[in-house]
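Welcome! Take a moment to look over the sequence and turn the model around before reading on. The notes below will walk you through some of its parts.

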Amino acid sequence: MESLETEVRGLSRLLDQAQAPLLAILPHNTLEYAEAAQQGGADALILGIDKTESMFPGLFGSFDLQEDSILGIATTSSIPVGISIGDSRPLTPESWERIVGKSFSFVNMYAHHMPPFILMDERIDKLVSIGAGYMVEQIKSLSEMAQVKALEAAIVSPQGQTHVFSVLDLSTLRMITKLSSKPVILRAQKRLEGGDFRSIAEAGLRGLTLDPSALEAGVEAYRDAITTFRSRVTSSVQTSG
C-alpha cells in the first residue's frame, strides 16, 4: 500500500461504482452507529467534527476531543470513511495536517467554510457542499475547479427541513446537475417518499447522503433508515435506467 503522503484516497471509487452510492452521516461518532450504517448497506460513512448545527449535537466536538472514537471507526470500517468539518473553530494548516494524515477517504465541507489550502491538498478527495443561497454562477465555478471531485447539494435551510420534498426542490436539483461539470450528490434533508427516489435519479443526481437530522433517534431506527434508503436508491436507479 502506498504511504498516506502520496496516496489519493477514494471518493472516485464510490462515484465510479455501478450502483448509486449511499453515504451515511453518523449522528454520533461511535462504533455502534458506524456498524449500523454498514449493516444497513451504506457505501461510505461520514464522520463529523466542529459542527454548529443544533441538529448535530453529537458532532460539536473538535478532532482532538473525538480522535480516539473517530480513529476507532476509520481504522476498522469495511467501507470508505470521510470526515466532514464544520466552522465552530478556525481550521489551521497545523490542525489540518493532523486530520489529513489519518485514513480518511475524502473530506467534506461547505464551500464557504473550506480554506484554499484544503482545496489545493492533492492527498485527499473533496466533496464540496453547496448550501441555500449559493448563486448559480458560484455553483458552476465550483464544479469547474479541478480539485473538486463532486458537489453535495445541501440546499435546504433549517426552517425548511420539516417540509415535504417538493417540485420546487426537484427543479432546483435539475438546474444544479445541468450546471455542474462534476457529479452531484443530494443530501437528503427532508423526508422522502418511495416515488421521490426515482425522480431524484431522473434529475441526474449521482447518489445520496443520508442526513440523520431527518430521522428518528436511536441506533435501531438509524439502521432501519439506512436499509430503506439503500433499497429505494437501488430500485430507483434500476427503474429509471
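Two strands count as paired if DSSP finds at least two bridges between them. Keep that in mind as you explore this model, which is predicted.

**Strand β4 and its partners**
- Strand β3 (residues 81-85) runs parallel to β4, and three bridges join the two.
- Within that pairing, glycine 82 has phenylalanine 106 of β4 as its bridge partner.
- To get from β3 to β4, the chain passes through helix α4 (residues 93-100), making a right-handed β-α-β crossover.
- Strand β5 (residues 125-131) also pairs with β4 in the parallel sense, here over five bridges.
- Phenylalanine 106 turns up again in this pairing, where its bridge partner in β5 is aspartate 125.

**Which way do the side chains of β4 point?**
- In a regular strand, side chains alternate between the two faces of the sheet.
- In β4, Phe106, Asn108 and Tyr110 point one way, while Val107 and Met109 point the other way.

**Helix α4**
- Trp96, Ile99 and Val100 are buried residues of α4.
- Looking down the helix axis, you would find the buried residues within an arc of 85°, so they line one face of α4.
- An α-helix has 3.6 residues a turn, so residues three or four places apart point the same way.
- The buried residues of α4 pack against β2 (44-49), α3 (63-74), β3, β4 and α5 (116-119).

**The nonpolar cores**
- The largest nonpolar core holds 61 residues, and Leu26, Ile85, Ile99 and Phe104 have the most contacts inside it.
- Helix α9 (residues 219-240) gives this core its largest share, five residues.
- A second, separate core has 11 residues, including Leu23, Ile25, Ile46 and Ala150.
- Leaving aside neighbours within four places in sequence, isoleucine 85 is in contact with several residues, among them Trp96, Ile99, Val107 and Met109.

**A look at serine 141**
- Serine 141 is part of helix α6 (residues 136-143).
- Is serine 141 buried or partly exposed? Its relative accessibility is 36%, so serine 141 counts as partly exposed.
- Serine 181 is 40 residues from serine 141 in sequence, and their C-alpha atoms are 9.2 Å apart in space.

Conventions
Residues numbered from 1 in each chain as written. Predicted model: local features only at pLDDT ≥ 70, side-chain atom pairs only at ≥ 80, totals over all residues. Heavy atoms only, no water. Buried < 20%, exposed > 50% of the residue type's maximum accessible area, 1.4 Å probe, protein only. Helix = DSSP H or I, 4+ residues; strand = E, 2+ residues; numbered from the N terminus. Right-handed = clockwise from strand over helix to strand, strands pointing away. Core = buried A, V, L, I, M, F, W, Y, C linked by side-chain atoms within 4.5 Å. Contact = heavy atoms within 4.5 Å. Arc of directions from axis to C-beta.
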